[in-house]
Amino acid sequence: MSVSRDEVLRIAQLAELDVEEEQLPEMAAQMSRILDYVAQLNAVPAGETARPFLAGPDAIKFRPDEVKPWPLAITPAKLAPAFKEGFFVVPRLGQFGAGEDEE
């Protein structure tokens, strides 16, 4: 597949690249070689019979993905000044008091 000079200019415009006029023939040739290589790759048969490459021996089994919480070295209850029923206990702010009016 060959790429024309106009196609190189259009691609350069889309990529917002400034291409010198003397570079256009070389870029067109390079793009043509890239497209020819991709066409060769597409010609390689793939499907059920072609197995994907996995590094290591075939006997390696993948472990199932399981999301588990990582155990903490120190529990929050030991870090907090006050901890009750799984929550941190903080002092009540004055404006959220038990209905006492401020004067």
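**Note on the predicted model**

1. Phenylalanine 83 is partly exposed, with a relative accessible area of 31%; on the scale used here, buried means under 20% relative accessible area, exposed over 50%, and partly exposed in between, with a 1.4 Å probe and protein chains only. Phenylalanine 88, at 54%, is exposed. A search of the whole structure returns one aromatic pair, and phenylalanine 83 and phenylalanine 88 form it in an edge-to-face arrangement, 5.2 Å centre to centre with 75 degrees between the planes. Rings of Phe, Tyr and Trp (its six-membered ring) pair if their centres lie within 6.5 Å; planes under 30 degrees apart count as stacked, over 60 as edge-to-face and the rest as tilted.

2. On provenance: this is a predicted model, in which local features need pLDDT of at least 70 and side-chain atom pairs count only at pLDDT 80 or more, while totals for chains, interfaces and linings use all residues. Residues are numbered from 1 along each chain as its sequence is written, and side-chain values use heavy atoms, with hydrogens and water left out.

3. Overall architecture. The protein has three helices and two strands, arranged along the sequence as α-α-α-β-β. These elements are DSSP runs numbered from the N terminus: helices are H or I with at least four residues, strands are E with at least two. Of the 103 residues, 8% count as buried. The accessible surface comes to about 10,300 Å², and carbon and sulfur atoms account for 59% of that surface; the areas come from the Shrake-Rupley method with a 1.4 Å probe, and for residues only the protein chains shown count as cover. Among contacts between residues at least 6 apart in sequence, 30% join residues at least 24 apart, where contact means heavy atoms within 4.5 Å.

4. Geometry of helix α2. This helix comprises 20 residues, 24–43, and at 1.5 Å a residue it should span 28 Å; the end C-alpha atoms are 29 Å apart, which agrees. The expected span is 1.5 Å times one less than the number of residues.

5. Which residues of α2 are buried? They are Leu24, Ala28 and Ser32. These residues cover an arc of only 70 degrees around the axis, which puts them on the same side of α2; the arc is that of the directions from the helix axis to the C-beta atoms. An α-helix has 3.6 residues a turn, so residues three or four places apart point the same way. The buried residues of α2 pack against α1 (5–14). The face turned away from the buried side carries the exposed residues Glu26, Arg33, Ile34 and Gln40.

6. Leucine 24 counts as buried at 2% relative accessibility, and its contacts, leaving aside neighbours within four places in sequence, are Arg5, Val8, Leu9 and Val19. Leucine 24 and leucine 9 are 15 residues apart in sequence and 7.8 Å apart in space, C-alpha to C-alpha. Arginine 33 is exposed at 54%, and its C-alpha lies 9.2 Å from that of valine 3, 30 residues apart in sequence.

7. The nonpolar core. The largest one has six residues in all: Val3, Val8, Ala12, Val19, Leu24 and Ala28. The elements giving two or more residues to this core are α1 and α2. A nonpolar core is a set of buried Ala, Val, Leu, Ile, Met, Phe, Trp, Tyr and Cys residues joined through side-chain atoms within 4.5 Å. Beyond its neighbours within four places in sequence, valine 8 is in contact with Val3, Leu24, Met27, Ala28 and Met31.

8. Backbone angles. Most residues other than glycine have a negative phi, and most peptide bonds are trans. Glutamate 16, although not a glycine, has a positive phi of about 55 degrees; it is found in the loop between α1 and α2 and is exposed at 73% relative accessibility. Glutamate 85 also has a positive phi, near 55 degrees. Glutamate 85 lies in the loop between β1 (83–84) and β2 (87–88), and at 71% relative accessibility it counts as exposed.
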